[in-house]
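Hi everyone, thanks for coming. Let me put a structure on the screen, and then I'll walk you through a few parts of it.

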Amino acid sequence: MTILLSTLNARYAHASLGLRYLLANMGALQEQTRLQEFVTGAKTTEIVEKLLSHRQAGEKLIVGFGVYIWNIEEITKVVALLKRVAPEVVVILGGPEVSYETAEQDIVKLADYVITGWGDVTFPEICRQVLHGPKPLMKIHAGVQPPMADINLPYDLYSDEDIKHRTLYVEASRGCPFKCEFCLSALDKTAWPFEIDRFLAEMEHLHARGARLFKFVDRTFNLNIKTSLKIMQFFLDKLEAHPEDPVFAHFEVVPDHLPDALKEGIKKFPPGTLQFELGIQSFNPEVQARISRKQDNQKAADNIRWLCENSEAHLHVDLIAGLPGETVESFAAGFNKLYALKPHEIQFGILKRLRGTPIIRHTEEWGMVFDPYPPYTILANSTIDFSTMQRLVRFARYWDLVANSGRFGHTLPYVLGETPFEHFMDLSDWLYQRTDATHRIALERLAALVGEWLRSERHMDDALVEQILGSDYAGQANRKNVSDKSAAKLDKVDKGTQKSAEKKTDAKSLPQRQARHLAA
């Protein structure tokens, strides 16, 4: 029997941590288990052809799919085609998208078995039953959650190619003790840590093999400060020992929990080596209480300000539009408050109704209407109608292109003025009227449009507009005296690092967006 572990990643640079956990815990079946990852957008027929190429004559083929919100529609097509051309292939599904509201899903009807929740123990057990019998009687199986010490860690299964070209996802813990109703982690009872010395030994091995970019998927990196300090010290030791070849670490941080001991460690990281993702989501206390989000807003704001002023950490701070009871006005107030704290990026998200999340309990009271298709984005509620929600969706996209990209670092303050949300909404509406598009806008055209808006709507002097745009990454690509070849180089979003940023940090694999922020 051949067992395939497969999924469709959103990008090639994303290596599936979940599949590698399954492979690491296959026990005696590991030798006959293979990984076969794809990227969303690949042709369904070609995916099925590659999957079936692993089938050996006279042997069974089991394919286990990791199903997520970004790949559910494409994997449904893959499973349907696979079952049509090779119905004897055993299909086992797992992942968050099939772990809740399971029985009603089309992909579940097509599959042979489904594992909800943790798959480390249950997936290999179902494979053993398919191989040796007796075959499982039930289609849907609740995944068994083993003690953390019994889970084999998967980091040796990152290949040399993964280490060289892909983001390495790692986790020092699973789960989350908080109950924010828009998040699947609201269903967790607590957070479960891996034994820290065992985990750091794995990180040591990865570093020795050449890994330099580590993205932690822990929901609450700074929940246990003692553990956080040990992890940070690991990276600080590496930075001290190899300043010419630095590491880069990304953590998700609880914004209102930043004790002095953690601050002292954070201050030691040089530019281009540390990135934090902080979830504010909303500054509205009534909305926070409604969605069971416990957050000290003043502490959170103070900590973000401290990080901006006293550390070199690159900050991504999240806000979510469309939460029950949040109006455009209250969201705008929160957005402006957050922008005044000066994080490097504001990640402007639109609420999604993830399967299984408790946010659905507000549907009737707040008139919440969600798209029935992934990613299940909210379309309207009783405080924000459909057309206004679409304006917010466009705002989020343009904000990513103009503000978060780092391409307009000098121009952005002139765009935003004293009322950032209101001015950027004006720009967003104007851009959509002029382009009728939010994607595939060339950098040169985008820079020209921003300049035109500053002249026509903000009544700025031509010379000043040309000066500030010309000092930006975006403006350089728009200059007539820059060759086409040079302009094309400037617009490569994910390949290499800007030379001006490299002067400030030697990080080889520094994410391009952060490189532009450092260069600004």
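I'll go through a sheet, a helix and the cysteines. This is a predicted model, where local features need pLDDT of at least 70, side-chain atom pairs count only at pLDDT 80 or more, and totals for chains, interfaces and linings use all residues. Residues are numbered from 1 along each chain as its sequence is written, and side-chain values use heavy atoms, with hydrogens and water left out.

Let's begin with the sheet. Six strands form an open sheet in the order 7-10-11-12-13-14, with parallel pairing. Strands here are DSSP runs of E, at least two residues, and helices are runs of H or I, at least four, numbered from the N terminus; two strands pair if DSSP finds at least two bridges between them. At the edges stand strand 7 (168-170) and strand 14 (345-350), each with a single partner strand, so one side of each has no neighbour in the sheet. Further in, strand 10 (213-216) and strand 11 (248-253) pair in the parallel sense over three bridges. There, Phe214 stands opposite Ala249 of strand 11.

Now to helix 2 (residues 44-52). Which of its residues are buried? They are Ile47, Val48, Leu51 and Leu52, where buried means under 20% relative accessible area, exposed over 50% and partly exposed in between, with a 1.4 Å probe and protein chains only.

Last, the cysteines. Counting pairs of cysteine sulfur atoms within 2.5 Å as disulfides, we get zero. Cys127 is buried at 0% relative accessibility, whereas Cys308 is partly exposed at 24%.
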